[in-house]
Amino acid sequence: MKIEGHVAVVTGAASGLGLATAKRLAALGAKVVVLDLSKEAAEHAAAEIGGVGFGVDVSDAAAVEAAFAKIENTLGTPRVTVSCAGIGTAARILPRDGSLTIDAFAKALNVNLLGTYAVMNIAARAMAKADPLDDDGTRGVIINTSSVAFEDGQIGQAAYSASKGGVASMTLPAARELARFGIRVMAIAPGLFETAMSAGLPEDIKADILKSVPFPSRMGHAEEYAQLVQSIVENPMLNGTVIRLDAAARMSIK
């Protein structure tokens, strides 16, 4: 599938993996829509790449639906949708103070899983109504962001791992269901990348994590995530799969 000339929507695109993806797609000729929780940040990022920006809370399905309606009316049907919006939640199931962490668990699922599902659901509905782009019947590509934590989450990552595990688990059934519409669904599971989320980690924890990264033994660059997004969009045989982007890393217990 070609990228040039098509509408591409990227959530969480005002920073990190989302911003790098938005920049790459724009450089390849896509009409990029930046969605981010902060309207100001979304508009600033969009102005930087010649795109359009909207402030949207992905966990609010009505807000996502309204944003996609504006996109369809002004730019056309999104053919590429990449979900990078997410939060990192660190909370033990049984913290030392004995408090309950159910609210933290629910928040992680609402943003990371429900938010991703809402964007996928609404994007798929728009794509399904569009004309095919090629002889295969391609109508669009949806790429969601999981995490290596879905397979080897650390202590304190129960909520985060569950939310990202949900993103990974729905990849194949979503791809199978949407195949009849010519819509592919993929997920990327990044390891430790240089983003605002990882910037909040203490240096000793980063160092411990990097010890388990075989090669290259460093944090990933956001541009490398964006490069994989491009490959997924352009390669029609990539469908229904979760790709670990982690330099062969396996997370330690904590």
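Visitor: How many bridges join strand S5 to S6?

Guide: First, a word on the source: this is a predicted model, where local features need pLDDT of at least 70, side-chain atom pairs count only at pLDDT 80 or more, and totals for chains, interfaces and linings use all residues. Residues are numbered from 1 along each chain as its sequence is written, and side-chain values use heavy atoms, with hydrogens and water left out. Strands are DSSP runs of E with at least two residues, helices are runs of H or I with at least four, and both are numbered from the N terminus; two strands pair if DSSP finds at least two bridges between them. S5 (residues 140–145) runs parallel to S6, with Gly 140 standing opposite Ile 183 in S6, and the number of bridges joining S5 to S6 is 6.

Visitor: Which residue of S7 does Ala 189 stand opposite?

Guide: S6 also pairs with S7, again in the parallel sense, over 4 bridges. Within that pairing, Ala 189 stands opposite Arg 244.

Visitor: How many residues of S6 are buried?

Guide: Buried here means under 20% relative accessible area, exposed means over 50%, and partly exposed is in between (1.4 Å probe, protein chains only). On one side of S6, Ile 183, Val 185, Ala 187 and Ala 189 are buried, and on the other so are Arg 184, Met 186, Ile 188 and Pro 190. That makes the buried count for S6 (residues 183–190) 8 of 8.

Visitor: What is the bridge partner of Val 10 in S2?

Guide: S1 and S2 pair in the parallel sense, over 5 bridges. S1, helix H1 (residues 16–27) and S2 make a right-handed β-α-β unit; right-handed means that, with the strands pointing away from the viewer, the path from the first strand over the helix to the second runs clockwise. In S2, Val 10 has as its bridge partner Val 34.

Visitor: Why do we say S2 is largely enclosed?

Guide: It comes down to burial, using the cut-off above. S2 is largely enclosed by the rest of the structure because the number of its residues that are buried is 5 of 6.

Visitor: What arc do the buried residues of H3 cover around the axis?

Guide: In H3, Val 64, Ala 67, Phe 68 and Ile 71 are buried. An α-helix has 3.6 residues a turn, so residues three or four places apart point the same way. The arc is that of the directions from the helix axis to the C-beta atoms. These four sit on the same side of H3, because they cover an arc of only 95°.

Visitor: Which residues are exposed on the other side of H3, and what covers the buried ones?

Guide: The exposed residues on the other side are Ala 62, Asn 73 and Thr 74. Contact means heavy atoms within 4.5 Å. What covers the buried residues of H3 includes strands S1 (7–11), S2 (31–36), S3 (52–55) and S4 (78–83), and helix H4 (102–128).

Visitor: Which backbone nitrogen does Asp 60 reach at the start of H3?

Guide: A polar contact is a pair of N or O atoms within 3.5 Å; within protein, one must be able to donate a hydrogen and the other to accept it, and residues adjacent in sequence count only if both atoms are side-chain atoms. Here a side-chain oxygen of Asp 60 comes to within 3.2 Å of the backbone nitrogen of Ala 62.

Visitor: Is Asp 246 buried or exposed, and which side chain does it join in a polar contact of 3.3 Å?

Guide: Asp 246 lies in the segment after S7 and counts as buried, because its relative accessibility is 12%. Leaving out residues up to four places away in sequence, Asp 246 touches Val 148, Gly 191 and Val 213. Its side chain also reaches the backbone nitrogen of Ala 248 at 2.9 Å. The polar contact of 3.3 Å is with the side chain of Arg 250.

Visitor: What phi does Ala 248 have?

Guide: Ala 248 is in the segment after S7 and is partly exposed, with a relative accessible area of 49%. Although Ala 248 is not a glycine, its phi is positive, at about 70°.
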